[in-house]
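Me: I would like to go through the disulfides and aromatic contacts of the following structure in questions and answers.

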Amino acid sequence: MATRQPAASAKPKEPRAALPDANDFSRDMVAAHNLARSRAQPAPKPALPPLAWSTQAERKAASWAKACKFEHNPDRGDFGENLAAATPGAWTTSQVVKSWADEAADYDYRRNTCQKGKVCGHYTQVVWRKTAAVGCATVMCNKNSPFGAKFPTWQLWVCNYAPPGNWVGQRPY
């Protein structure tokens, strides 16, 4: 789960950004994931195949997102899952995926471990070789804010991956 917390001096505001158009959203999500996959280090040999959009994964993500819970869906079935939360307008679609991809800085491929106290599972799911498709959803929420009562309105992103990655003991590629 990735979050972008509000600035300490920020005051509650109405959402600054509307939700993206569905076609733009799916296009931008796939493009951002594939850009991250193309930049994996050490460079995968052969290169990681690009992800396609999955409407089945999208439906699962949308169903969970509408609950506005910043926690993993325990009933996601055979999907991997990444989550992100931010105050409205804080992140674009591509910035959400970049936040997951930026975890690469804390991932040691040789040891297949994350630096102590860090999180890398979002990154490894994005670059998991056997994952072929992604489907995502985003919603504006007015309940269960992970940022507290001062920021009751927040945006949630849920991406589901097929097949899932992050199998214990396996490297992403």
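**Disulfides and aromatic contacts**

Cys136 and Cys159 are joined in a disulfide with their sulfur atoms 2.1 Å apart, a disulfide being a pair of cysteine sulfur atoms within 2.5 Å. This is a predicted model, in which local features need pLDDT of at least 70 and side-chain atom pairs count only at pLDDT 80 or more, while totals for chains, interfaces and linings use all residues. Residues are numbered from 1 along each chain as its sequence is written, and side-chain values use heavy atoms, with hydrogens and water left out.

Me: How many residues apart in sequence are the parts tied together by Cys136 and Cys159?
Reply: Cys136 belongs to strand β6 and Cys159 to strand β7 (residues 154–162). Strands (E, at least two residues) and helices (H or I, at least four) are DSSP runs, numbered from the N terminus. The pair therefore ties together parts whose separation in sequence is 23 residues.

Me: What is the handedness of the disulfide of Cys136 and Cys159?
Reply: The torsion about the S-S bond of Cys136 and Cys159 is about 110°. The disulfide is therefore right-handed.

Me: Is Cys159 buried or exposed, and what is its relative accessible area?
Reply: Buried means under 20% relative accessible area, exposed over 50%, and partly exposed in between (1.4 Å probe, protein chains only). Cys136, its partner, is buried with 2%. Cys159 is also buried, with a relative accessible area of 0%.

Me: Which strand holds Cys141, the disulfide partner of Cys68?
Reply: The sulfur atoms of Cys68 and Cys141 are 2.2 Å apart and form a disulfide. This pair links distant parts of the chain, 73 residues apart. Cys68 is in the loop between α2 (55–65) and β3 (80–86), whereas Cys141 is in strand β6 (residues 133–141).

Me: What is the angle about the S-S bond of Cys68 and Cys141?
Reply: Cys68 is buried at 6% relative accessible area, and Cys141 is buried at 0%. Their link is left-handed, with an angle about the S-S bond of -85°.

Me: Cys114 and Cys120 are joined by a disulfide; how does Cys114 count in accessibility?
Reply: The S to S distance of Cys114 and Cys120 is 2.0 Å, and their link is right-handed, with 80° about the S-S bond. Cys120 counts as buried at 6% relative accessibility. Cys114, at 27%, counts as partly exposed.

Me: What pattern do the disulfides of the protein follow?
Reply: A search of the whole structure finds 3 disulfides. With bonded cysteines counted along the chain, their pattern is 1-5, 2-3, 4-6.

Me: How many aromatic pairs are there?
Reply: Rings of Phe, Tyr and Trp (its six-membered ring) pair if their centres lie within 6.5 Å; planes under 30 degrees apart count as stacked, over 60 as edge-to-face and the rest as tilted. By this rule the count of aromatic pairs is 6.

Me: Which residue forms a stacked pair with Tyr109?
Reply: Tyr107 and Tyr109 are edge-to-face, 6.4 Å centre to centre with 80° between the planes. The stacked pair has its centres 4.9 Å apart and 25° between the planes, and the partner of Tyr109 is Tyr173.

Me: Which residue lies over the face of Tyr109?
Reply: One aromatic cluster comprises Tyr107, Tyr109, Tyr123 and Tyr173. A charge sits over a ring if NZ of Lys or CZ of Arg is within 6 Å of the ring centre and within 35 degrees of the ring normal. At 5.4 Å from the ring centre of Tyr109, the residue over its face is Arg171.
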